[in-house]
Amino acid sequence: MSDAIITVENLSKRYLIGHTFGSDGVYSYTALRDILGREVRNFARKAVDLLRGRQVVQGDEVEEFWALKDICLEIKRGEAVGIIGRNGAGKTTLLKVLSRITEPTGGRVLLRGRVASLLEVGTGFHPELTGRENIFLNGAILGMTQREIRKKFDEIVAFAGVQRFLDTPVKRYSSGMYVRLAFAVAAHLEPEVLIVDEVLAVGDAEFQKKCLGKMGEVAQGGRTVVFVSHNMAAMKSLTTRGIVLDAGRAVFSGTTEQAIQHYTQLLSRPIVGKPRERSKGKHTAIRDVRLLAKGDHEPTTQYVPGEPLILEVTIDTDGTGGMSLELFLTDASRTRLGFASTYSFHGQTLPEKEGSYRAIIKLDPLLLAAGRYAFDVATSEPSANHWDHRVESAVEFEVQFSNALGYPWDFKQSYGFGCLTLLCRPGAEFVRLGPASNSSGRGHSIADRYHELSPS
Amino acid sequence: MSELIVIEPGRRERHYWLDLWRYRELFRVLAWRDLSVRYKQTVIGMLWALIRPFMTMVIFTIVFGRIAQLPTVGTAPYPLMVFAGILPWTFFSNGLSEASFSLINSANLISKIYFPRLIVPTATVVVALVDFLVSFCMLLLLMAWYQFMPDWRILVLPAFVLLAFCASVGPALWMTALNVKYRDFRYIIPFIVQFGLYISPVGFSSSVVPEQWRLLYSLNPIVGVIDGFRWCILGGQSELYAPGLVISIAVTAFFLWFGIHQFRKMEKSFADLV
């Protein structure tokens, strides 16, 4: 008898996805006859699916997609395990299979304990019901008994800080209050295994800290925690072991530290995918985007923080007026970090004469943390309020090393402290206000101020 | 507690019925939620459960009793006979149509949390049952108005309420599962309900059906339920057609088994399809 509480053997999960011709603009000018033919074929296929009791997939062409492929892992009782991986690597699917929400296509999972999963905060909250009623509803949905909820009711309310609004329908709550209440219920679950998806990325910083603290308590209380997050700092403080998923496979398992390192390496490896299709917009087409080196203006994939960032964009236009060129800087997890717009910020539009153009865009120096970045590039019609042509990750680049002022500390994106070095020159200025324990006098402590603001 | 749970493709859980029992609290809470939300932000609230069947009764009495001149059973007043039919029919049709959409409406629940999915549609049928009980008060008022006294047979009514419950749950589960997979049923279900109203003896007595067709007519499980209701409520005025009742019970039992079977077969893929 092993002390493994979760054993996963060769787990696979397949989804069927449909493709439609024409939605990507390639086949958009087809004759009515073709469309009719396609509709008839689709109808025939769906009818056959219905008769055989199979799933109906929208689209012209059905493709198999393996969200998980031959995953094997073991999680021991009392362990706190983090699962990391790129978006679409299969993390959420794995959690869904573990929490019995969806059935695997192959392999098996053995669970030796009561599992509670938290894939979303506030599952099943009903907007018409009051806060009090929703606590009972949500608690029951998460698997608590009414007695358990009643016992913890006051604790939950205090944790969420919504005492005054208990008898108000939650549809009148602010979104912050809503999320706080939802998390408070979830935080008081006491299962043997707790499965948590990226749910901590909600609420304000103060509340997030509180949630992390609560999660840490759970992990230290000897219960098993399986945790998915892109927040590497949270991952480090909560988990002891890390598992890296990539394209549906478990590619690494080890200490959290090692796993994060492996993940970072994975991110810096070129993303192998289909060659970019030659798509285009209605009026414009972004042909090519490159990052240029500072001195010789040769294409590069490296950026040195603190130097100007030079982009070269090749673009076709049919001469429509009022078009803007826009850039989005994203980090390795595809979070948007920054935005630039030729029209919104500089009043500049694309040339109004048909032709192919090359634009050199020089951005002010950025103090980026070490890691991988990309630019999404788009053209837009500000008046029409939509993208004309948008290319995601049009150019990718890397920052090898980041030590903004020459201090021997390499600031990395994967630390979870963000992507920008914030410099304070010459540093913080400290002015002594008095003895630290003295709360009277000029210097009010934060606690005092909070007291003044709170109603009672 | 170290009970072993195995997750495998195609595996029926051994603990399914035990799980269902374990989640009874959720069942209660969901039924309570549906009930308390049902008449929120309406002006007359629960009265809707009285007004709707009452209006239907008035119209059916005029159309079938006055215009078509169909006979009532024995000496019972026509409106009373119609109402005794409307009660189980409303329960059946509400249960069926609301349960069929229940899983789609709680898609967010299904894709985020595990529980035996059987709970959701069944809880909806329970809500329809509460509506039925409210409408039943209307029946009592009507009986007082017509000074109609029921006899001992009314004591058998709970058995027929149970039959009505089973008759709605079976097809409802099947429709629910199909509706998750093939959204065509979104359009088929209202049609079934509308159609069923006319092929079931709601506005008229089943005794108007020619004798040689009655056995066939009883294949519709609601026929047995409505006849049973009339037999209980109208006292000796309506006789019970025994072979028909047996067939109705058999069909109901079959649909209950079939509904649960089909539902469980598709249950595990709901989260991917909904």
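Two strands count as paired if DSSP finds at least two bridges between them. Helices (H or I, at least four residues) and strands (E, at least two) are themselves DSSP runs, numbered from the N terminus. The model is predicted, so local features need pLDDT of at least 70 and side-chain atom pairs count only at pLDDT 80 or more, while totals for chains, interfaces and linings use all residues. Residues are numbered from 1 along each chain as its sequence is written, and chains are lettered from A and ligands numbered from 1 in the order in which they are written.

Chain A holds an open sheet of six strands, in the order S5-S6-S7-S3-S8-S9, with mixed pairing. Its edges are S5 (115-118) and S9 (249-255), each of which pairs on one side only. From one strand to the next, the twist averages 15 degrees (axes are lines fitted to C-alpha atoms, for helices over the stretch in contact, and angles run from 0 to 180 degrees between N-to-C directions). Inside this sheet, S3(A) (residues 80-85) and S8(A) (residues 241-246) run parallel and are joined by five bridges. Ile83(A) stands opposite Ile243(A) of S8(A). Helix H2(A) (residues 91-98) lies across S3, S5, S6, S7 and S8 of chain A, and runs at about 150 degrees to S7(A).

Chain B is another story: its secondary structure comes to 12 helices and one strand. Of its 274 residues, 45% count as buried, meaning that 20 or more other C-beta atoms, placed from the backbone, lie within 10 Å of a residue's own. Take helix H7(B), residues 157-181: 19 of its 25 residues are buried. At 1.5 Å a residue, H7(B) should span 36 Å, and its end C-alpha atoms are 37 Å apart, which agrees; the expected span is 1.5 Å times one less than the number of residues.

How many residues does each chain bring to the contact? Chain B gives 28 and chain A gives 35, where contact means C-beta atoms, placed from the backbone, within 7 Å. On the chain B side, the elements giving two or more residues are S1 (5-7), H2 (24-38), H5 (107-110) and H12 (270-273). H2(B) gives the most, with six residues. That side has 15 nonpolar, five polar and eight charged residues (Ala, Val, Leu, Ile, Met, Phe, Trp, Tyr, Cys and Pro count as nonpolar, Asp, Glu, Lys and Arg as charged, and the others, Gly among them, as polar). S1(B) also pairs with S4(A) (residues 106-111) in the antiparallel sense, over three bridges. There, Ile5(B) is the bridge partner of Leu111(A).

Terms used
A residue is buried if 20 or more other C-beta atoms lie within 10 Å of its own, exposed if 12 or fewer, and partly exposed in between; C-beta atoms are placed from the backbone. Two residues are in contact if their C-beta atoms, placed from the backbone, lie within 7 Å.
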